[in-house]
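Dear colleague,

Please find below the structure I wished to hand over to you, followed by a summary of what was found in it.

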Amino acid sequence: MDTVYLDYAATTPLSEPARAAMDPFLRDRFGNASSVHAPGREARKAVDEARERVAAAVGARPDEVVFTSGGTESDNLAIKGAAWHGREQGRDGVVVSAIEHHAVLDPAKWLERQGHRLSVVGVDAGGFVKTDALASAVDARTAIVSVMWANNEVGTIQPITEAARIAREAGAVFHTDAVQGIVWLDVDASMVDLMTLSAHKIGGPKGVGALIVRRGVKVQPLLHGGGQEREVRSGTYNVASIVGFGAAIEHWVDKRAAWASQVASLRDRLQQRLTTMLDRVRVQGESGRLPNNLHLIVEGIDGESMILLLDASGIATSQGSACSSGAAEPSHVLAAMGVSRDLAKGALRLTLGPQTTGSDVDRAAEAIIASVERLRAR
Ligand code: PLP
């Protein structure tokens, strides 16, 4: 029995253009992109072409792309790097939203323990950052403000234009984690100072990403060493993965609009089926979410048990972010939206992708309905 994969927000399969582009660099093109000889220059050329592709996908300049090991590193580099730089300029404040990925929240909390001032700005019940609260939290000593483009659990699209305006008016650096945003939306780097991207959510390999650092924006490095990436991120280039990232992003962005309408109609069909067949089910983020996201709170069930039951029927789903599922703590995103601990236990995140079919959705709906009935009867 084939698995029905409904966890595209956790990761995606490697796309064919990415695999094909990576292949020679996993075989004979092994040069170090920092070497001056021919094999090195060949690798450097491939890295630079990937840099152009990543830049073009988000409206940035190639020299604004800093390759990293993924979204987590890019977020850490943005938050810590801008906070450290800010401190040298007399700015000690860090402002983040309460629904950020742990890759933003945890560095921010770590900085607070190091003596920075941290404000965590709340969201409304729909899962959208409160911009009035953001404006009150930002002041003339704020170094960095971070609000994600779209949330990875409930899929809500955040008020980026307004958040960036608030940060910039105070002279602070504005960062957005666009790891989920770029999957479905035309994210525009010119609206922000720093932008996090990750390859594996858009058909690229795992373990590679980028931080877009707009010209004139300064971040202190996390990694010191060979001085790669204009001294911002030292370390020998992960050539094959960077090349795969470049091919993946170009292919994905080219297809994105067509895929978005396809996944939206399948998602709507799944939502319709589940909400008519099941009672006591709430849909999160409905007033402005990513087209592939269906986040449900199913009352009276334990989501963890549901995910295991669904897995046994060949349906791959999750409760929220991949890193926190398996952990007993309920989602910080749902908590910020005012969902009680008890209700949050019934969370089920279904995220569709380009490969999702109508029969996948129908099989998933049937299995979810059967699992809920079984769990509620216990
Ligand atoms: N930020 C968001 C919004 C994410 O969804 C993820 C992935 O789960 C990350 C950051 C971390 O990215 P990576 O898996 O590349 O470290």
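**Domains and core**

The protein chain is divided into domain 1 (4-12 + 256-376) and domain 2 (16-252). Please bear in mind that this is a predicted model. The centres of domain 1 and domain 2, taken over C-alpha atoms, are separated by 27 Å. Across the boundary, 30 residues of domain 1 are in contact with 33 residues of domain 2.

The largest nonpolar core has 98 residues, and among these Met 195, Phe 245 and Leu 274 touch the most other members. Helix H8 (residues 239-277) supplies the largest share of this core, 13 residues. The core lies between domain 1 and domain 2, because both give residues to it. In soluble globular proteins, nonpolar side chains tend to be buried together.

Leaving aside neighbours within four places in sequence, Phe 245 is in contact with residues including Val 54, Phe 67, Leu 197, Ile 202, Pro 205 and Val 208. Ser 198, Ala 199, Gly 209 and Ala 210 are also among the contacts of Phe 245. A second, separate core comprises 22 residues, including Ala 78, Ile 79, Val 219 and Val 232.

**The ligand site**

There are 13 residues around the ligand, of which Gly 71, Thr 72, Asp 177, Ser 198 and Lys 201 come nearest. Helix H3 (residues 71-88) gives the most to this shell, with three residues.

- Asp 177 has a polar side-chain atom 2.6 Å from a nitrogen atom of the ligand.
- Gln 180 places a polar side-chain atom 2.8 Å from an oxygen atom of the ligand.
- For His 200, a polar side-chain atom lies 2.8 Å from an oxygen atom of the ligand.

On its own the ligand has 390 Å² of accessible area, and the protein covers 87% of this.

**Residues in loops**

Gln 158 sits in the loop between strand E5 (142-146) and helix H6 (160-169). The side chain of Gln 158 reaches two backbone atoms: the oxygen of Gly 127 at 2.9 Å and the nitrogen of Val 129 at 2.8 Å. Neighbours within four places in sequence aside, Gln 158 is in contact with Ile 99, Gly 127, Phe 128, Val 129, Val 147, Met 148 and Trp 149.

Val 217 belongs to the loop between strand E8 (209-213) and H8. With a relative accessibility of 17%, Val 217 counts as buried. Val 217 and Asp 193 are 24 residues apart along the chain, yet 6.6 Å separate their C-alpha atoms. Beyond neighbours within four places in sequence, Val 217 is in contact with Val 173, Asp 193 and Leu 194.

**Positive phi values**

Most residues other than glycine have a negative phi. Glu 229, which is not a glycine, has a positive phi near 55°. Glu 229 is found in the loop between E8 and H8 and is buried, with a relative accessible area of 6%.

Arg 280, also not a glycine, has a positive phi of about 50°. Arg 280 lies in the loop between H8 and strand E9 (281-283). At 44% relative accessibility, Arg 280 counts as partly exposed.

With kind regards

Technical notes: Residues are numbered from 1 along each chain as its sequence is written. This is a predicted model: local features need pLDDT of at least 70, side-chain atom pairs count only at pLDDT 80 or more; totals for chains, interfaces and linings use all residues. Side-chain values use heavy atoms; hydrogens and water are left out. A nonpolar core is a set of buried Ala, Val, Leu, Ile, Met, Phe, Trp, Tyr and Cys residues joined through side-chain atoms within 4.5 Å. Buried means under 20% relative accessible area, exposed over 50%, partly exposed in between (1.4 Å probe, protein chains only). Helices (H or I, at least four residues) and strands (E, at least two) are DSSP runs, numbered from the N terminus. Domain bounds come from an automatic or database domain assignment. Contact means heavy atoms within 4.5 Å. A residue is near a molecule or strand if one of its heavy atoms lies within 4 Å of it. A polar contact is a pair of N or O atoms within 3.5 Å; within protein, one must be able to donate a hydrogen and the other to accept it, and residues adjacent in sequence count only if both atoms are side-chain atoms. Accessible areas come from the Shrake-Rupley method with a 1.4 Å probe; for residues, only the protein chains shown count as cover.
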